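Hi everyone, thanks for coming.

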Amino acid sequence: MTSFPKIIQIEPTNSCNYSCSMCLNSMWKDNERTFFSVKNFENLAKEVFTEINRLVLYGMGEPLMHPQFLKLLEIARAHMSEEAKIFITTNGSLLDQKTIDVIMDKNLVDEIGFSCETLFHSQETRIGHSLNEKNVVDNIKYLLEHPLRHQFRVGIETVVFKSNAKQLIQLVQNSGELGVDFISVSHLFPYTDELKDEILYTMITKEALPILEEVGEDGWDIILGYTQEQFGEKMQIEYKNQYKIKENIKPKDRPYTIKYKELLKRAKEKNVLLNIPLYMNEKSRIASLHNLEEIFKGCKKVAKEYNMDLYLPEIIPTFSERSCPYVSTDTAIIRSDGEVMPCFKYLWYHSYHLSLHKRESSSFSFGNINEKPFMEIWNDKRYQRFRRKMVDMNKNIPFCGNCSFSSSNCFYVIEDTSDCWGNELFCAECPYSLNLTRCLL
């Protein structure tokens with residue numbers, strides 16, 4: 001049976017006029033810069049735009065770097081229903097008054113999100129967006145004061161991390177004073193070793209954490225003791241078989257094995273595993289995450305005062321709520337070179353640093369619209385099978401955050417393209433599925 005996506009996300013270009021150190025774009029040296037073909041965009045509009053509820057225009061680049069970006073918007077609006085929405089994300093530097101006037105006068109956009117970490121210039125060195133804040137703020141103010149302001153929603157999209165967390169409440173305050181409609185906060189995706197020390201979340205889940213906290217300072221003793229006890233028991237069996245000893249060898253007391261099995265039993269009742277190595281390495285940082293909880297409370301209070309919508313990420317994720325943002329919203333994402341990808345995380349090749357290991361993560365495509373129609377790709381059996389599995393991630397996809405092997409350089413988390421359950425894509429360690437890093441759909 002043929003189905004249509006409800007949302008289509010298109011990357012207009014992977015080119016950007018900034019080089020922010022937290023962004024994958026700043027790490028590309030030899031990557032080819034690509035721009036979505038206007039012809040392909042028009043073909044796609046005729047094929048499927050009449051059926052979708054929402055068009056999202058952003059990817060790894062700055063959308064307005066596309067030389068015919070306004071043309072893309074005009075094509076989209078001409079083919080979409082009156083109820084359907086068009087949303088763009090921008091760093092704001094190229095959205096000048098002339099461009100804003102065209103967009104507003106022709107009603108080409110319904111929502112605009114500005115990516116920034118502050119709305120006032122700061123001399124402090126930080127990892128966030130390396131932008132000219134005054135230029136961006138001037139553009140935002142002009143947009144908010146436009147006579148057709150009632151036609152659209154304006155938001156701020158920001159990334160919170162260790163170096164800027166204390167500024168977050170001020171950002172919410174400044175946004176409220178400007179009159180924006182919403183603020184969306186995401187955690188940092190750690191593309192580099194440097195960035196991993198800036199993250200303010202853990203991959204250990206709320207279900208597993210209380211059990212792990214009972215381990216206290218004995219975590220390493222439990223791991224090593226359990227290993228020694230089990231190894232010793234196996235050696236006894238091998239010795240007995242080798243020398244054909246018939247009588248039973250009385251086992252020694254195994255306190256670490258007993259303790260570990262008690263913990264595992266309780267974890268199993270909550271449908272999780274226990275990643276003791278990760279907990280032992282992160283427990284001091286996990287304790288400090290309470291500071292961010294207080295900051296988030298302050299943000300909620302300020303947002304309520306200004307009647308702004310505030311979207312906050314989790315800090316300690318909930319395993320039972322794990323869900324793929326793209327599959328749960330029936331969203332397709334198409335890269336600037338025409339490749340139909342599973343999600344934003346798989347858009348381009350990258351490495352990342354999570355849960356005490358580094359992973360090289362390849363991009364993955366279900367097909368290219370230069371070679372076959374989009375709907376043929378969307379309804380391909382392989383793509384459909386992927387989406388069916390992702391509907392219930394906890395049943396069909398393993399989770400590395402609660403697994404001790406993932407923090408011990410397990411083969412699958414280091415380089416394999418599938419997970420340890422044999423799924424073709426590696427979605428077992430996705431912070432987007434846990435509402436830590438956020439997909440803007």
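Let me start with a term: a residue is buried when its relative accessible area is under 20%, exposed when over 50%, and partly exposed in between, using a 1.4 Å probe and protein chains only. Now some background. This is a predicted model, where local features need pLDDT of at least 70 and side-chain atom pairs count only at pLDDT 80 or more, while totals for chains, interfaces and linings use all residues. Residues are numbered from 1 along each chain as its sequence is written, and side-chain values use heavy atoms, with hydrogens and water left out.

Side chains of opposite charge can pair when their charged atoms come close. By salt bridge I mean a side-chain nitrogen of Lys or Arg within 4 Å of a carboxyl oxygen of Asp or Glu. The structure has 16 of these salt bridges.

Take K358 and E360, whose side chains form a salt bridge at 3.4 Å, N to O. E360 is partly exposed at 30% relative accessibility, and K358 is partly exposed too, at 41%.

Next, D193 and K196: their closest N and O atoms are 2.7 Å apart in a salt bridge. Both lie in helix α6 (residues 193-196), three residues apart, so about one helical turn separates them. Helices here are DSSP runs (H or I, at least four residues), numbered from the N terminus. D193 is partly exposed at 42%, and K196 is partly exposed at 32%.

Finally, which residue does D337 form a salt bridge with? The partner is R335, with the closest N and O atoms 2.8 Å apart. R335 is buried, at 9% relative accessible area, whereas D337 is partly exposed, at 24%.

Conventions
Helix = DSSP H or I, 4+ residues; strand = E, 2+ residues; numbered from the N terminus.
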